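Here is a friendly walk through the charged side chains of one protein model. Please keep the sequence and the 3D view open as you read.

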Amino acid sequence: MRLLERNKQTIYYRNYKSIKPIRDGSLETGEYEKTYGSINIVRAYVKSAVGVNSAEPFGDFTSKQRTIYIEGSSDINEYSQIWVGIDPTLVDGKPTVPYNFDVIGVAQGLNHTRISIRKVDKTLGIDTPIPSI
């Protein structure tokens with residue numbers, strides 16, 4: 001029932017490509033930025049949100065997770081950026097609105113792919129820097 005065409009919606013995603021150093025003139029700054037491929041479109045069933053609220057020592061924590069079901073296999077991975085419910089129009093090859101979901105995990109099944117996604121804060125912007133490990 002999930003994969004009926006009438007239950008699907010259009011989602012947009014783009015996959016991680018590589019990192020490149022940020023330059024200041026001819027010198028590298030020591031920071032890097034992620035580069036992504038082109039935006040792809042897929043029709044998928046997006047399950048309603050499951051949320052958890054908790055009080056933490058450093059403030060309130062809210063987690064909103066959803067699940068996407070795609071018929072067959074998909075090239076979406078843990079490093080992909082996903083737009084659900086919004087249309088990322090492109091200007092000069094970059095989306096005009098930031099992505100609103102990160103991928104938590106991908107599970108390939110025999111007939112479909114299940115992708116767990118988490119809502120991200122809109123203040124992160126379109127191209128977020130790589131966190132230091």
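This is a predicted model: local features need pLDDT of at least 70, side-chain atom pairs count only at pLDDT 80 or more; totals for chains, interfaces and linings use all residues.

Residues are numbered from 1 along each chain as its sequence is written, and side-chain values use heavy atoms, with hydrogens and water left out.

Glutamate 5 forms a salt bridge with arginine 43, with 3.1 Å between the closest N and O atoms (a salt bridge is a side-chain nitrogen of Lys or Arg within 4 Å of a carboxyl oxygen of Asp or Glu). That pair connects distant parts of the chain, 38 residues apart: glutamate 5 sits in the segment before strand S1 (9–14), and arginine 43 in strand S4 (residues 40–46). Strands here are DSSP runs (E, at least two residues), numbered from the N terminus. Arginine 43 is partly exposed too, at 36% relative accessible area.

Glutamate 5 also forms a salt bridge with lysine 8, where the closest N and O atoms are 3.7 Å apart. Lysine 8, by contrast, counts as buried, at 12% relative accessibility.

Which residue of strand S6 pairs with lysine 8? Glutamate 71 does, through a salt bridge whose closest N and O atoms are 3.2 Å apart. Here, too, distant parts of the chain are linked: glutamate 71 belongs to strand S6 (residues 59–71), lysine 8 to the segment before S1, and 63 residues separate them. Through shared partners, salt bridges join Glu5, Lys8, Arg43 and Glu71 into one network. Across the whole structure, a search finds five salt bridges.

## A buried arginine

Let us turn to strand S1, where arginine 14 lies. Arginine 14 is buried, with a relative accessible area of 6%. Its side chain joins that of glutamine 81 in a polar contact of 2.7 Å (a pair of N or O atoms within 3.5 Å; within protein, one must be able to donate a hydrogen and the other to accept it, and residues adjacent in sequence count only if both atoms are side-chain atoms).

Terms used:
Buried means under 20% relative accessible area, exposed over 50%, partly exposed in between (1.4 Å probe, protein chains only). Helices (H or I, at least four residues) and strands (E, at least two) are DSSP runs, numbered from the N terminus.
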